Amino acid sequence: MYGPPIDLSFKDLNNVTDALAEIPRRPLRPLKIDMNNKYLSQSMRLNNNNITNLVGLEFILNHFLAQPSSLGWLDLSCNKITSIEHVLCELKELRVLYLHGNDIWSLTEISKLGELNYLHTITLHGNGIENVKGYRNYVISMLPHLKRMDFSAVTRQEKVLASIWPTNIKRT
């Protein structure tokens, strides 16, 4: 079931549902399909578009993927996304999420992803939240399963500091 990503990057999409009119890019390895003409992949690229929200994402995943509930890798980087929408939290198998280069300005948005128990890699740099003091500690405290953040490893020391981080927020 592991195949190359469904690549809908650089398609000038203004919203997720615009992907319905697109054909995914052809990867080096051929995309395999099932008998319903859905792709046997667990990853999708929607990066480098003009997407502002994720309305219709579940529909797009169902349209393209044979097993949308098995999505493990999603690239939404370099869009115009402003918030973490509930649809992302429904992707229970998600392990890797790229959100860098968007328009997320509120750190509290990140806490919504806390219910994704398998999420081990996230990118958020290039968003407004990157400039908030304590940004990295906050994200690590909200997402305790992280192994990598913004393309660098999460250290054991950072995990220890993050475990006391919510206490520090309450005091200040």
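These legends accompany close-up views of a predicted model. Local features need pLDDT of at least 70, side-chain atom pairs count only at pLDDT 80 or more, and totals for chains, interfaces and linings use all residues. Residues are numbered from 1 along each chain as its sequence is written, and side-chain values use heavy atoms, with hydrogens and water left out.

**View 1. The largest nonpolar core has 45 residues.** Such a core is a set of buried Ala, Val, Leu, Ile, Met, Phe, Trp, Tyr and Cys residues joined through side-chain atoms within 4.5 Å; buried means under 20% relative accessible area, exposed over 50%, and partly exposed in between (1.4 Å probe, protein chains only). Met44, Leu57, Leu74, Leu88, Leu97 and Leu113 have the most contacts inside this core. Helices H1 (57–64), H2 (86–89) and H3 (135–142) each supply at least two of its residues. Helices (H or I, at least four residues) and strands (E, at least two) are DSSP runs, numbered from the N terminus. Pick out Leu74 and you will find Met44, Leu57 and Leu88 among its contacts (heavy atoms within 4.5 Å), leaving aside neighbours within four places in sequence.

**View 2. Seven strands make an open sheet with mixed pairing.** Their order is S1-S2-S3-S4-S5-S6-S7, where two strands pair if DSSP finds at least two bridges between them. S1 (6–7) and S7 (152–153) stand at the edges with a single partner strand each, so one side of each has no neighbour in the sheet. Further in the order, S4 (residues 96–98) and S5 (residues 121–123) pair in the parallel sense over three bridges, and Val96 stands opposite Thr121 in S5.

**View 3. Tyr39 and Phe64 form a stacked aromatic pair.** Rings of Phe, Tyr and Trp (its six-membered ring) pair if their centres lie within 6.5 Å; planes under 30 degrees apart count as stacked, over 60 as edge-to-face and the rest as tilted. Here the centres are 6.4 Å apart, with 20° between the planes. Tyr39 lies in the loop between S1 and S2 (43–45) and Phe64 in H1, so the pair ties together parts that are 25 residues apart in sequence. Both residues are buried.

**View 4. Six of the eight residues of H3 are buried, so this helix is largely enclosed by the rest of the structure.** The buried residues include Tyr135, Tyr138 and Ile140.

**View 5. Trp105 is exposed, with a relative accessible area of 62%.** Its place is in the loop between S4 and S5. Not counting residues up to four places away in sequence, Trp105 touches Gly128 and Ile129.
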